[in-house]
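Dear colleague,

I am handing over the structure below, and after it you will find my notes on what came out of going through it. Please read them with the model open beside you.

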Amino acid sequence: MRARRLAVGAALGTGLVLLSSGIAFAQDAVPEVTAADVNTKLTAVSQTTNLMWMVIGAALVIFMQAGFAMVETGFCRAKHAAHVVTTNFAIFGLGFVAFFAIGFPLMFGGYSYNFPGIDYGLSQAVGGGASIADNALLKIGDQVLLWKGGWFGSWYDSSNLPLTGALAGFFLYMVAFMDTTATIPTGSMAERWKFRSFCYWGLFCGALYYPVFGAWTWGGGWLSQLGNTMGWGNGYVDFAGSGIVHAMGGVAAFTGAKVLGPRIGKFGKDGKPRALPGHNIPMAFLGTFVLLFGWFGFNAGSTFASSDPQFATVATNTAIAAAFGATICMVYVWMRSGKPDPAMIANGMLAGLVAITAPCAFVTPMGSAIIGTISGVLVVEAVYIIERKLKIDDPVGAIAVHGVNGIFGVLAVGLFANGSYGGGWNATLVDGAASPAVKGLFYGGGTSQLMSQLAGALAIIVFGGLASYLFFKIQDKLTKGGIRSSEEDEVAGLDLPEMGILAYPEFAGTHESYGSAEGSSTTKNRDLAAT
């Protein structure tokens, strides 16, 4: 036994000697690692992680397109279902192509993102120029109106894949936002919009309508610089797009519905609105849940960095506003009409989401609850005013949800921002140093930030309203028969005349002419006005 123990001990001792020698040899062979090397590796890991965060956010926002398709299709009548869902599907490609070719350079040609620790590798401007002058396409003095560079994806550089990856991820995220703006009018103009005319809108929105205002704001143009030029807070602040995305879409939804006119049978001879019920409320509710899910990519993803802990506050504020918007809307419309209108409840949640999108990073959870509460009431009153007073027919409530509450969200930044986040926003300087965090009127910030928000809201209404109205009006004049479907096609349903198929062929003959106009003389079916 003693001999065996000695043998085992000798073996272990020899092994330890050899192991320690090997370790020592290996240590001698490893080159020296400096602090700079460690920092470089950590920066690369952080940038890659943040870039992955952005791509995941882009995927969530793109998935929202399915939510819009379900909400709008469910809120419309069965005889138009294939037409409505196709507009929501096709807008993704139409807007994408135009934004890739033209819109992205116009909006972001001068954009770069250099914030150590929370950046994702976009270290030089999209357009490639070294200065603002190199990347500006149109400017007045020092104020940029449009950018240039990177046309048709020419920003791709195979010799610098890290930079190209950052550019590609940024483009993917931003094109998803553009498609949200483009799809909003498909709801307000549903059931009577020629598909060919709709296609031109998708291209126009992706190439010009969305990018021009985007260049003034997120692109670093004149509205974003109001803090430096006018001393108005941090310039126009819109964290994830209440104004840039939703209100711009809502304004176009208003002008488009105005040019088209109401659906046949929407208003009686006395001018009072009549219900034209959607055919699938469960589908609309499911679409609303899809939008809620995707909105976390919309808002929290807009931090551009998983290394920025503010993304958790943004996500939570988003959920709070959605919950309060839906709940308060349900209670309010119940009191107002005697019934807890399911369609209004869905739009109440969406209104809360739209309103919180701009201020979500700058407000407290209680502030989010207040914003959601206001939006829940605002959407109901806006629907009533738009329909009963202005006589605008909006089948899905897109104008009230995105237009009215988008403007409210823009103003909410100037009211509820609590001054804890956003120092130096929009590269704003005060006495040569980065400006303080974004602070609104109710938190001691005075009217400074509110002035920038008011300027942005006014620009949305004036530019968005004028540009979209002229587009739809000119298109209507130049298009044979106008941009509105024929009366016969609208009454029969747009599925067969426009798309060549029925959404529900097994029910053919049961719904195609339901919900037609009062007193129309072209067909007896029109005497069956919506009941």
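His80 is buried, since its relative accessible area is 0% and the cut-off for calling a residue buried is under 20%. Please keep in mind, here and throughout, that this is a predicted model. In the chain, His80 sits in the loop that runs between helix H2 (35-75) and helix H3 (81-108). Leaving aside residues up to four places away in sequence, the residues that His80 touches are Glu191, Glu490, Gly493, Leu494 and Asp495.

As for the protein as a whole, its 531 residues include 53% that are buried, and its secondary structure consists of 17 helices and four strands. Among contacts with a separation of 6 or more, 75% are between residues 24 or more positions apart.

The largest pocket has a volume of about 1,100 Å³. It is lined by 45 residues, and those closest to its centre are Tyr111, Phe115, Trp218, Asn426 and Ala427. Helix H4 (132-135), strand E2 (143-147) and helix H5 (161-183) are the elements that each give two or more residues to this lining, with H5 providing the largest share, four residues. Sorted by class, the lining of the largest pocket holds 23 nonpolar, 19 polar and three charged residues.

The second largest pocket has a volume of about 720 Å³. Of the 28 residues lining the second largest pocket, Lys266, Asp341, Ala343, Val383 and Glu387 are the closest to its centre. Here the elements that give two or more residues to the lining are helix H11 (310-337), helix H12 (342-357), helix H13 (365-389) and helix H14 (398-416), and the largest share, five residues, comes from H13. By class, the lining of the second largest pocket is made up of 17 nonpolar, four polar and seven charged residues.

With best wishes

Technical notes:
Residues are numbered from 1 along each chain as its sequence is written. This is a predicted model: local features need pLDDT of at least 70, side-chain atom pairs count only at pLDDT 80 or more; totals for chains, interfaces and linings use all residues. Side-chain values use heavy atoms; hydrogens and water are left out. On a 1 Å grid over the protein atoms alone, a cavity is a set of points where a 1.4 Å probe fits but cannot get out, and a pocket is an open set with protein on both sides within 12 Å along at least five of seven lines; lining residues have an atom within 4 Å of a point. Grid points are joined across faces, edges and corners, and a volume is the space filled by probe spheres set on the points. Ala, Val, Leu, Ile, Met, Phe, Trp, Tyr, Cys and Pro count as nonpolar, Asp, Glu, Lys and Arg as charged, and the others, Gly among them, as polar. Buried means under 20% relative accessible area, exposed over 50%, partly exposed in between (1.4 Å probe, protein chains only). Contact means heavy atoms within 4.5 Å.
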